[in-house]
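User: Please take a close look at one residue and its surroundings. Then place that site in the wider fold, in short sentences.

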Amino acid sequence: VTISFTQSLNSITITADSDKGSFAITDETTNSNNYVIKLKTDSELVFDVYQKHGYLVDTDLKNWIFVTASQQKGEFELVEMDGYIRVTFKGFTASGSINIPFVKDSFSVTIVSVLKNDDMQTIDNTLTEIVELDDAGVVTLLDSGATISKEYLSQVVFTPKQNIDGYTFYSWSSLADKTRQILVTEGNVSTTAEGQMTFQINDDITIYVVYSINTYRLTFKTSDETKGQVKIGEIVANEINTNVKFGASSPVVYAVVNRGYEFVRWVEEKTGDVVSTSTALQLSDIKQDNTYIAEFIGTEISITVNVVLSNDDVFTEEEIDFATLTIAETQSTKVTQTSRTNTTLTFNISTITGENVSLDFLASYGYEFAGLTTDPRYMFTEENGHIVFEKVGFSAVVTINVKAIVYDVVLKLVGKVHGGNIFYDATNKKGVVSYEATDKELK
């Protein structure tokens, strides 16, 4: 009697998560995610596994399991091919199933900080700091240019560094030209008003943190428009505003001096600090809004004031107290010399252009103000002896005229007069009145 034995057929079920990959039996032509094949005991099963984007075939053999009633494992061999993994399975003695194990792939995320301009210039690494918060709440500080590795489909949170001197966060971008305000990946992205971005990793990617460079407003102005102006290029005005980018230099601005004045200095308005004593000013490394003032001072001039009594009113060789003149002295206006004659009081005044010069004139008893003469370009006001020369611009001579008040004197003669002269010498005033003999009253 011959007893014959044949190898039993075992039913092998192969499955793969369709989201992660597929497989193909080497003698089949199509890929599958679930396939049942009948194989003899101890034969070999060879199939190829194809992984989808974001997943890798798990090459750790301890995770490859042939599931049977007795939890038999069998033997697996994995060979990496071009674009797939070839799996050889042997040593099984019973029916069972194989569930192909996959693991998530890891992708690199590179953070680069750039400026919002035509060529998206990269910012110095030391200027930018990105905060990365992972699922476990772990915070990592990343410099611009740093690369991190993240598992496929993991959620990451990035927060751009705020309050960077000279820069303001603008947007996140992943476009190669980096010129549009588009976020990292189409879909799976959310942002907050503060610029915090949450997105899901699905590929290697370079993320551009786009910053705009701050622009600051510089104002250049004159301290007094009558003394001078400021000039940038062809523009001359009392005040000029210009915008300058962070860290850049301002245009060259000039202080333009009006006639009769001198430039003194440029002063920073906020601090009062002197920044330059040159008429040409250029500021470098601009980091804030600011105002700069061109200060001017008048050039020194002299004014001669003559108070003159008319010669027709002088009756003696002695000095006559016919008027007084008081000049208001200031820090810029000083009386440098005085002199007098019988008919003239002279005051020499030193001042600077642009000043107002005040005089107070008072005629003595018996005399009165008879007018003022000076250069017709001098502007002045006079009221009750208070004279103000407004914003004097050049040296000049001022003449204040004084005259004696004329009185009527009546001489009455009573009775008949038989010819002769009446001499008037009251208070030593010289005067002679002639008359003819008459019975009439004589004035």
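**Asn306 and its surroundings**

Analyst: Leaving aside residues up to four places away in sequence, Asn306 touches Thr344, Leu345, Thr346, Val397, Val398, Thr399 and Ile400. The model is a predicted one.

One of these contacts is polar. The side chain of Asn306 reaches the side chain of Thr346 at 2.9 Å. Is Asn306 buried or exposed? Its relative accessibility is 16%, so Asn306 counts as buried; the cut-off for buried is under 20%.

Next, the strand. Asn306 belongs to strand β29, which covers residues 300-309. Strand β37 covers residues 396-404 and pairs with β29 in the parallel sense, over seven bridges. Within that pairing, Asn306 stands opposite Thr399 of β37. Thr399 is also among the residues that Asn306 touches.

Now the sheet. Which strands form it, and in what order? Five strands make an open sheet, ordered β31-β32-β29-β37-β34, with mixed pairing. β31 (334-340) and β34 (367-373) are the edge strands. Each has a single partner strand, so one side of each lacks a neighbour in the sheet. From one strand to the next, the twist averages 20°. In general, strands of a sheet pair through backbone hydrogen bonds, either parallel or antiparallel.

On to the nonpolar cores. The largest one has 38 residues. Val109, Phe158, Phe199, Ile207, Phe220 and Trp266 touch the most other members of that core. A second core is separate and holds 27 residues, including Ile301, Val305, Leu372 and Val392.

Aromatic rings come next. There are 20 aromatic pairs. Take Trp64 and Phe76: their ring centres are 5.4 Å apart and their planes stand at 45°, so this pair is tilted. Trp64 sits in the loop between β5 (55-57) and β6 (66-67), while Phe76 is in strand β7 (residues 75-80), so the pair ties together parts that are twelve residues apart in sequence. Both Trp64 and Phe76 are buried. They also belong to one aromatic cluster, formed by Trp64, Phe66, Phe76, Phe89 and Phe92.

Two backbone angles deserve a look. Most residues other than glycine have a negative phi. Asp285 is not a glycine, yet its phi is positive, near 50°. Asp285 lies in the loop between β27 (280-281) and β28 (290-298). Its relative accessible area is 42%, so Asp285 is partly exposed. Asn384 is not a glycine either, and its phi is positive at about 55°. Asn384 is in the loop between β35 and β36 (386-389). With 76% relative accessibility, Asn384 counts as exposed.

Last, a residue in β35. Glu383 lies in that strand, which runs over residues 380-383. At 58% relative accessibility, Glu383 is exposed.

Asn306 is a buried residue in β29.

Notes:
Residues numbered from 1 in each chain as written. Predicted model: local features only at pLDDT ≥ 70, side-chain atom pairs only at ≥ 80, totals over all residues. Heavy atoms only, no water. Helix = DSSP H or I, 4+ residues; strand = E, 2+ residues; numbered from the N terminus. Buried < 20%, exposed > 50% of the residue type's maximum accessible area, 1.4 Å probe, protein only. Polar contact = N/O pair within 3.5 Å; in protein donor to acceptor, adjacent residues only side chain to side chain. Contact = heavy atoms within 4.5 Å. Core = buried A, V, L, I, M, F, W, Y, C linked by side-chain atoms within 4.5 Å. Pairing = 2+ DSSP bridges. Axes fitted to C-alpha atoms, helices over the stretch in contact; angles between N-to-C directions. Phe/Tyr/Trp six-rings, centres within 6.5 Å; stacked < 30°, edge-to-face > 60°.
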